[in-house]
Amino acid sequence: MARSKVTIVGAGNVGATCAHWIASRELADVVLVDIVEGMPQGKALDLQEATPVMKLDVNIVGSNNYESTADSDVVVITAGVPRKKDPVTGQFPSRDELVKTNQRIVGEVTRQVAKFSPNAILIVVSNPLDAMCHVVLNESGFPAERVIGQAGALDTARYKAFIAQELGVSVRDIHGIVLGGHGDTMVPLPRHTSVAGIPVRELMAEDKLQAIIQRTRNGGGEIVKLIGVSAWYAPAAGTVEMVEAILRDQKRVIPSAVLLKGQYGYNDLYIGVPTILGSKGVERVIEMQLNDEEKAMMEVSAKAVQDVVSILGY
Ligand code: APR
């Protein structure tokens, strides 16, 4: 059987780390694409040179164009610009300016990707995540089950890491889920969080649990404060978890940003919900029974996503 092929657009921190983990698990050959000349080629070469030591049979190449991405099975889109000060004016761009800039970049990337890999499944990582999913859906013309956003995999990973640390148990035994938009309105669900099936509230005091929920909501900001730029190991790990579920047709249940068509009461909106991921991409959205409090949090989150989506002008 031929090896799978994954293209990663944006060979920055998150993109290059995705390549690293895809290679380290021998999931697929990788093509790294970036606009910066030489950089994706250099990172790909460096990683390729590590393969004899790590005993990995994968090819990793870098490029500044899309010919070499042809017929990819999965394409991960991380291209974009972060929120940073304008070197001339010293001002931060407004949220709307940033959304428009990343809409242009992600739109351009998507058109190229779709042209060369018309059957690929696209995983969107660029922020603002839920809005960029709408851009990729529109510009690719792909069916919605092949355009999926990575957010919940990362938010859930952070949530589980904090719980495991607090209780001193293995991360493997924590089950939990974070829904909603990718941002501080995300919806962690303590009612559905367990340690090897034991409800987390039987093991942890409410104030500790609430502190963990708050820390999860601020997870991105906590890293930015420490390093000065946004995180890459955990975002890449969350992304590769989705890539693996798709390539290996695992039918994993991973919270992902998907286009809702009436589920949870929302229509034509990308938001994070439990999703079965397999070789077709989104194979099914699981509709959980939410209580009134959880529904209200979901509503706040959906409103925040809708506000950003409305800037796109679709
Ligand atoms: N085509 C290809 N690559 C591009 C383009 C473009 N049109 N525009 C920008 N890029 C590249 C940049 O050159 C850079 O290498 O996208 C890369 C982004 O990498 P980083 O700046 O290191 O950002 P990173 O931390 O990897 O985050 C990428 O993922 O989690 C999100 O919020 C994050 O939106 C951001 C994205």
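Guide: Let's start with a term: a salt bridge is a side-chain nitrogen of Lys or Arg within 4 Å of a carboxyl oxygen of Asp or Glu. The model above is predicted, with local features needing pLDDT of at least 70 and side-chain atom pairs pLDDT 80 or more, while totals for chains, interfaces and linings use all residues. Residues are numbered from 1 along each chain as its sequence is written, and side-chain values use heavy atoms, with hydrogens and water left out.

Visitor: How many salt bridges does that rule give here?

Guide: Side chains of opposite charge can pair when their charged atoms come close. In this model, the rule gives 14 salt bridges. One of them pairs Glu166 with Lys208, at 4.0 Å from N to O. Glu166 sits in helix α5 (residues 152-167) and Lys208 in helix α6 (residues 206-217), so this pair ties together parts that are 42 residues apart in sequence. Helices here are DSSP runs of H or I with at least four residues, strands are runs of E with at least two, and both are numbered from the N terminus.

Visitor: Which residue forms a salt bridge with Glu206?

Guide: That's Arg201, with the closest N and O atoms 2.8 Å apart. Glu206 has 36% relative accessibility and counts as partly exposed; Arg201 is partly exposed too, at 39%.

Visitor: And what does Lys251 meet?

Guide: Its side chain meets that of Glu283 in a salt bridge, 2.7 Å from N to O. Lys251 is in the loop between α8 (233-247) and β12 (252-261), while Glu283 is in strand β14 (residues 281-285), so the pair ties together parts 32 residues apart in sequence. At 39%, Lys251 is partly exposed, and Glu283 is partly exposed at 27%.

Visitor: Let's move on to strands. What covers the faces of β4?

Guide: In a regular strand the side chains alternate between the two faces of the sheet. Now look at β4 (residues 74-77): Val74 and Val76 are on one side, Val75 and Ile77 are on the other, and all of them are buried, which leaves both faces covered.

Visitor: Which strands is β4 joined to?

Guide: Two strands pair if DSSP finds at least two bridges between them. Four bridges join β4 to the parallel strand β1 (residues 5-9), and Val9 stands opposite Ile77. Four bridges also join β4 to β5 (residues 121-124), again running parallel, with Ile123 in β5 as the bridge partner of Val76.

Visitor: What do β4, α3 and β5 make?

Guide: Together, β4, helix α3 (residues 95-116) and β5 form a right-handed β-α-β unit. Right-handed is judged with the strands pointing away from the viewer: the path from the first strand over the helix to the second runs clockwise. Another right-handed unit is built from β2, helix α2 (residues 39-54) and β3. Four bridges join β2 (residues 29-33) to β3 (residues 60-63) in parallel, and Val31 has Val61 as its bridge partner in β3.

Visitor: Which domains does the chain have?

Guide: An automatic or database assignment sets the bounds: domain 1 is 5-149 and domain 2 is 152-312. Their centres, taken over C-alpha atoms, are 22 Å apart. Each domain brings 38 residues to the contact, where contact means heavy atoms within 4.5 Å.

Visitor: What area is buried between the domains?

Guide: The size of an interface is often given as the accessible area lost when the parts come together. Here that's about 3,100 Å², with carbon and sulfur atoms giving 74%; the loss (1.4 Å probe) is summed over both parts. In domain 1, Leu27, Asp130 and His134 lose the most area to domain 2, together 20% of what that side buries.

Visitor: How many salt bridges are there between the domains?

Guide: One. Look also at Arg25 and Glu244, whose side chains meet in a salt bridge at 2.4 Å, N to O; Arg25, Glu244 and Arg248 are linked in a network of salt bridges.

Key
Buried means under 20% relative accessible area, exposed over 50%, partly exposed in between (1.4 Å probe, protein chains only). Buried area is the accessible area (1.4 Å probe) that two parts lose on being put together, summed over both.
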